[in-house]
Amino acid sequence: MKLTGMHVALERMRERGGQVVTVCSMTSFLPLQGYAMYGASKHALRAWHHALAIEERGGRVDFTIVHPPGTRTPMLEQEEADPSAVMTFAERSVSAEEVAAVIVDAFEKRPAEVVFPAVGGRFQRLVG
C-alpha cells in the first residue's frame, strides 16, 4: 500500500534528508460529475500529503505535490467514450512525458505545490 510504503521511506529519509513528490490531480480541487470516487481519492491524497508535510516541517524532508491536468493514458481514452466525463476535456490534455518533465523540475526546484498548466491550474484551484 502506498501509504505504508511512504511511512517506511520517511523513517529512512528523516536522517539523510530527501524529497517526497506526490502526483495527485486537478480533480483534488474541483469535484466533477461522474468522478465521485476518483475525486474523493484525490481529495484524500492531497489532505494526506499536506498533513505529512506539516508533521515533518522543520525536518530534513521536503514535500511537493503535483497536480497535472488530464494526461493522455489508456484511462483518458476510456473517458472519451463516457458522456459524463465531458469536463475532462474542457482543457488540453498533456502527455505522460510532459508530466514527467514537471516532476523532474519539481525535484530540482522543490516547490510546495505545482498546478499546471499554470494559468488554467490556478483558475481550477480558485474555482474549486
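Trainee: What should I know before reading the model?
Mentor: This is a predicted model, in which local features need pLDDT of at least 70 and side-chain atom pairs count only at pLDDT 80 or more, while totals for chains, interfaces and linings use all residues. Residues are numbered from 1 along each chain as its sequence is written, and side-chain values use heavy atoms, with hydrogens and water left out.

Trainee: How many helices and strands does the chain have?
Mentor: The secondary structure comes to five helices and three strands. Helices (H or I, at least four residues) and strands (E, at least two) are DSSP runs, numbered from the N terminus.

Trainee: And in what order do the elements run?
Mentor: From the N terminus on, the order is α-β-α-β-α-α-β-α.

Trainee: What share of the chain is buried?
Mentor: Of the 128 residues in the chain, 38% are buried. Buried means under 20% relative accessible area, exposed means over 50%, and partly exposed is in between (1.4 Å probe, protein chains only).

Trainee: Which residues of helix 4 are buried?
Mentor: Val99, Val102, Ile103 and Ala106 are buried in helix 4. Seen down the helix axis, the buried residues fall within an arc of 100°, so they line one face of helix 4. The arc is that of the directions from the helix axis to the C-beta atoms.

Trainee: Why would residues a few places apart end up on one side?
Mentor: An α-helix has 3.6 residues a turn, so residues three or four places apart point the same way.

Trainee: What do the buried residues of helix 4 pack against?
Mentor: They pack against strand 1 (18-23), strand 2 (61-67) and strand 3 (113-115). Contact here means heavy atoms within 4.5 Å.

Trainee: Which exposed residues sit on the face turned away from the buried side?
Mentor: That face of helix 4 carries the exposed residues Glu97 and Glu108.

Trainee: How far does helix 4 reach?
Mentor: Helix 4 (residues 96-109) has 14 residues and reaches 20 Å from its first C-alpha to its last, close to the 20 Å expected at 1.5 Å a residue. The expected span is 1.5 Å times one less than the number of residues. Just after helix 4, Arg110 takes a positive phi of about 60°.

Trainee: Changing topic, which residues make up the largest nonpolar core?
Mentor: That core has eleven residues, namely Met6, Leu10, Met13, Val20, Cys24, Leu45, Trp48, Leu52, Val61, Phe63 and Ile65. The elements giving two or more residues to this core are helix 1 (2-16), helix 2 (36-55) and strand 2. A nonpolar core is a set of buried Ala, Val, Leu, Ile, Met, Phe, Trp, Tyr and Cys residues joined through side-chain atoms within 4.5 Å.

Trainee: What does Met13 touch?
Mentor: Not counting residues up to four places away in sequence, Met13 touches Gly18, Gln19, Val20 and Val61. Apart from the core that holds Met13 lies another core, of nine residues, among them Val21, Val102, Ile103 and Phe116.

Trainee: How many salt bridges are there?
Mentor: The count comes to four salt bridges. A salt bridge is a side-chain nitrogen of Lys or Arg within 4 Å of a carboxyl oxygen of Asp or Glu.

Trainee: Which residue forms a salt bridge with Arg14?
Mentor: Glu56 does, and the closest N and O atoms are 2.7 Å apart. The pair links distant parts of the chain, with Glu56 in the loop between helix 2 and strand 2 and Arg14 in helix 1, 42 residues apart.

Trainee: Are those two buried or exposed?
Mentor: Glu56 counts as buried because its relative accessibility is 11%, whereas Arg14, at 37%, counts as partly exposed.

Trainee: Where do the partners Arg46 and Glu113 lie?
Mentor: Arg46 is in helix 2 and Glu113 in strand 3, 67 residues apart. Their side chains meet in a salt bridge (3.0 Å, N to O). Arg46 is partly exposed, with a relative accessible area of 21%.

Trainee: Which residue does Lys109 pair with?
Mentor: Lys109 forms a salt bridge with Asp105, the closest N and O atoms being 3.3 Å apart. Both lie in helix 4, four residues apart, about one turn of the helix. Lys109 counts as exposed at 60% relative accessibility, and Asp105 as partly exposed at 31%.
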